Each structure stands twice: as C-alpha cells, then as structure tokens.
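My entries follow in the order in which I checked things.

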Amino acid sequence: MFATPSPDPMLAPPMEFPDFPHTNILDADQFSRKDLEVILEQTGKMEQLEQARRAFGLLEGRILASLFFESSTRTRLSFETAMNRLGGRVISTVGFQFSSISKGETLYDTMKMIEAYADIAVIRHPVEGSSRIASAAVQMPVINAGDGSGQHPTQALLDLYTMFKERGGVDGLRVAFVGDLKFGRTIHSLIKLLQHYDVEMVLISPVDLALPESYRKELRKKNKVFEETEDTKALWDCDVAYVTRIQEERFVDRSEFERLKNSYSINRAFVMASRKSTLIMHPLPRVQELSTDVDDLPNAAYFRMAHYGVLVRMALLTLCLRVPLPPLTPTL
Ligand code: CP
C-alpha cells in the first residue's frame, strides 16, 4: 500500500474558484457589478492561459449542447470554438427543421433529452423568454445565446470586455447606440450591463425604432444620463459608437421595414469627422448601415471582437461548470 502524497503547496498551488453565484446565463439583469468584474477577470485569465496554450484540457470530458433554432454565425461558432479550445466536445442541432420540435416536441421535452447527453447547453431561439423555459426544465447550466428581440447577454459581456480592452475601462465613457434600438437584443443587454458603470448614453435611432419604454424607464429610475436623437452626428462626441443593423426579421409589417431600412449609414468619412477617434463597435452581421471602407480604421473594433467573444465564452463555460483555472504563474 502506498500512502497518497499530500500536495506540495510550492509545486501545486491550490486552484481557486471565484465567488460567482450563477450557473445559468439567461438575462443581463442577473449580474451585479461584482459578477461582471469576476467575468472580466476570468476572461483576462483565459486570454493569458490561451496565449500560454494552457487552456486546453480544462473541460476535457465535458459536452456542450449547441442548440441554435435561429440563424447564427458568430455566437454558435464562438461557443463551439470556446468548448473545443478547452478540450471539451460539442453536440449540436441547427434550425427547427432538423430537430424533433418540427414533429411537435416541446422545448421542455427536448431539454429533458439533451440533459441526458450533455453537461451544459447554449440555446438561441426566436421566442423571447425561451431560454428561461429551457433552463427551468433541467438541472444542467443553460446559457441564453439570444431569445427573439429579448436578450443576448453573452454578446453584451463580450461588448463590455471589448471596451475594457480597447479603451482601458468603462467608467467615464460616453457611449452612443446607433440603429435599431427597438428590436436589437444586443443593445437591450448591453444597456443593462452599462447601468453598473458611470457612463453617459446617447440613443441614436429613427423614432419608430426607439429603445422600448421599459428600458428607458429603468434608466430614469437609476438616474442614468441618456440623450435621444435621430441625428447620427451625435456619435462624433462619443468615445464609443455601438452600431447595429435594422432587424429585418423582427418586423411584422414588411412595408415598415422597407420605409426604415436606409435610415442611417456610417462610412469612413463620417467616422473620421469625429473629434474623439470614436471606437466603432458592431455585434455584426452588418448590412448597409456600416460601410466596408470603415474596416481598416484603427478604431474599427468589430472584427477584433470575434477573438474577444471566444475568450468571454471560454470564461463563461468554466464559470458555469464551476471549473477552477490553474495558477497563471509558472510552477516548478
Ligand atoms: N452577434 C451575433 O449574435 O451574431 P450571430 O447572429 O451571427 O450569432
């Protein structure tokens, strides 16, 4: 019989798990400022582990169910990349037509099945509130990857990380939201997260695509500074402009979309007229609202956001699965 050696603290410092109370990520409302700091810190650590090629294996043996009932490029592939980079595996279903939901199965029953196959699920669904229904059906962690025109909390977290990386922090920033503030779920989630910081917000949209009253009411209640205008020039004195497309798929009345679809367009000359070298962010996809001639400006952050998105989602997968990270300092 061999005695089990006790770990030498010099050789193997204990792995610590941060104070993070959430196993599901469903709504940007669920986070305190401290939670956001934990997520940002975990993402920063993940970036260092990735650079040192030490992240692989952290989720070995775990399976992510990637459930995308609505189209996606970035969110689906970045979650799947995140799981692969951590050494886990992915099972997936894309679109209702390739799921038994098309035969009448409920989301509840679908989730009950998936819980037997996977350790964690990420779900995109066209119906607002669906990720909450999915989560209520199971014990495993569930992450909302966008529910109709409701919320897209993991996009907002990567938007926040982008501001920290590209502008050194969030407090003190003046942030413009440009575009479809009515249906844009990424905007809805980011506005909720920014309420934890000392920021001024400028809401730039056609009147018919204004931020829903429930969000404006919340901003007023929390004494947050915000202005509303239809004039895109208002972004010139902002530190960040978060540009979004008009969400064609959310319009009930097609003629309304046709009337509004060319309401605004940001190009290189327009961006360069800004006095503040405004950081241009966009959750993508873009259509006509942001010209490709902006792409090679140093303050165009939207393609760099793809990399930040993988790191944030790696951090969230480890946090939701309660897997501690190894120490960052090299051990002997
Ligand atoms: N930003 C975003 O949600 O993109 P996808 O729809 O491609 O996932």
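**Pockets**

I sorted the lining of the largest pocket by class and got three nonpolar, eleven polar and seven charged residues. For this I counted Ala, Val, Leu, Ile, Met, Phe, Trp, Tyr, Cys and Pro as nonpolar, Asp, Glu, Lys and Arg as charged, and the others, Gly among them, as polar.

I note that this is a predicted model, in which local features need pLDDT of at least 70, side-chain atom pairs count only at pLDDT 80 or more, and totals for chains, interfaces and linings use all residues. Residues are numbered from 1 along each chain as its sequence is written, and side-chain values use heavy atoms, with hydrogens and water left out.

I put the volume of the largest pocket at about 380 Å³. The lining comprises 21 residues, and the closest to the pocket centre are Arg 124, Arg 185, Arg 245, Leu 284 and Pro 285. The elements that give two or more residues to this lining are α2 (74-85) and α6 (185-194). Helices here are DSSP runs of H or I with at least four residues, strands are runs of E with at least two, and both are numbered from the N terminus.

My pocket search ran on a 1 Å grid over the protein atoms alone: a pocket is an open set of points with protein on both sides within 12 Å along at least five of seven lines, and lining residues have an atom within 4 Å of a point. Points are joined across faces, edges and corners, and the volume is the space filled by probe spheres set on them; the probe is 1.4 Å.

The second largest pocket has about 280 Å³. Its 14 lining residues have Glu 16, Pro 18, Glu 41, Gln 42 and Lys 45 as the closest to the centre. By class I found nine nonpolar, one polar and four charged residues there.

**Domains**

I took the domain bounds from an automatic or database assignment. They give domain 1 (28-151 + 309-320) and domain 2 (153-307). Their C-alpha centres lie 24 Å apart, and the contact (heavy atoms within 4.5 Å) takes 31 residues from domain 1 and 27 residues from domain 2. Back at the largest pocket, I saw that each domain supplies at least three lining residues.

**Whole chain**

I counted ten helices and nine strands. The C-alpha trace spans about 80 × 50 × 40 Å along its principal axes. Of the 332 residues, 53% are buried, meaning under 20% relative accessible area with a 1.4 Å probe, protein chains only.

Conventions
Buried means under 20% relative accessible area, exposed over 50%, partly exposed in between (1.4 Å probe, protein chains only).
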